[in-house]
Amino acid sequence: MPESHHTAIIVGAGAAGCLCAIELKRRMPPAEITILEAGRHPLAKVALTGGGRCNLTNSFSGVSDLKTVYPRGARLMKRALRAFGPEDTMRWFESEGVRFKEEEGGRIFPASGDAMQIVRTLQRGMEHEGVRVLCNSRVVSVARQDGDAYKLQLEEGRLMGADTVIVTTGGSPKRSGLAFLGPLGLEIV
């Protein structure tokens, strides 16, 4: 019997969305993975972070309590960093050929000092794995469809379906930035 065809849509083509897409495709090769990005280019903020050098992660050396660096989100950050922490991030990129250097305050940068190395690494991984990236594709709503599937409506009116939806849009300065999730009835904190 053939493997069932699984579709996943990732909303947001920043570092988290792109790395997620690559890993998901590696773990589920037959799956169809699509990233929807509202902006004109994937990884646009990654190219600018750290003054164009890409402050990829932090070693947290010298930090004895996460509350000192994340006063309002220490518990959430502890759980997140336990699941995939700075060492995991560095190990993943090192396996893709990126080397790192640590600077003051535990900030981790690519040794090349070039954020575009991170961008190119993620783009190369997505291309190699066959991940589809659709830019200028702003999601205006995500709703449950029949069974366990989802229906996404894009700004231009187009509809897309998926078995799995992963949201990697980063933080939103306003609650309205996550309004597209409204139809799911999720508690947004």
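Hi everyone, let's start with the pocket. In this predicted model, the largest pocket is lined by 47 residues, and those nearest its centre are Gly14, Ala15, Ala16, Thr168 and Gly170. Its volume comes to about 1500 Å³.

Who supplies that lining? Two or more residues each come from H1, helix H2 (44-52), strand E3 (57-58), helix H3 (74-83) and helix H4 (86-95). Which of the elements gives the most to the lining of the largest pocket? That would be H1, with seven residues. Sorted by class, the lining of the largest pocket holds 26 nonpolar residues, 16 polar ones and five charged ones.

Now please look at the second largest pocket, with a volume of about 580 Å³. Here 16 residues form the lining, and Leu76, Val167, Gly170, Gly171 and Leu178 lie nearest the centre. By class, the second largest pocket is lined by seven nonpolar, five polar and four charged residues.

On to the helices, and back to H1. Helix H1, residues 15-27, packs against helix H5, residues 115-129, at an angle of about 35 degrees, and their axes are 9 Å apart. The crossing of this pair is left-handed. On the H1 side, the contact uses Ala15, Cys18, Leu19, Ile22, Lys25 and Arg26, while H5 brings Leu122, Gly125, Met126 and Glu129. Of the residues in this contact, six are nonpolar, one is polar and three are charged.

H5 has another partner to show you, and that is H2. The axes of H2 and H5 come within 8 Å and cross at roughly 155 degrees. Because of that angle, H2 is roughly antiparallel to H5, the cut-off being over 145 degrees. Is the crossing of H2 and H5 left-handed or right-handed? For H2 and H5 it is right-handed. Val46, Ala47 and Gly52 make the contact from H2, and Ala115, Met116, Ile118 and Val119 make it from H5. This contact has six nonpolar residues, one polar and no charged.

So that is H5 with its two neighbours: a left-handed crossing with H1 and a right-handed one with H2.

Key: Residues are numbered from 1 along each chain as its sequence is written. This is a predicted model: local features need pLDDT of at least 70, side-chain atom pairs count only at pLDDT 80 or more; totals for chains, interfaces and linings use all residues. Side-chain values use heavy atoms; hydrogens and water are left out. Axes are lines fitted to C-alpha atoms, for helices over the stretch in contact, and angles run from 0 to 180 degrees between N-to-C directions. Helices (H or I, at least four residues) and strands (E, at least two) are DSSP runs, numbered from the N terminus. A crossing is left-handed if the near helix is turned anticlockwise from the far one by less than a right angle, and right-handed if clockwise. Contact means heavy atoms within 4.5 Å. Ala, Val, Leu, Ile, Met, Phe, Trp, Tyr, Cys and Pro count as nonpolar, Asp, Glu, Lys and Arg as charged, and the others, Gly among them, as polar. On a 1 Å grid over the protein atoms alone, a cavity is a set of points where a 1.4 Å probe fits but cannot get out, and a pocket is an open set with protein on both sides within 12 Å along at least five of seven lines; lining residues have an atom within 4 Å of a point. Grid points are joined across faces, edges and corners, and a volume is the space filled by probe spheres set on the points. Angles under 35 degrees count as roughly parallel, over 145 as roughly antiparallel, 65 to 115 as roughly perpendicular and the rest as oblique.
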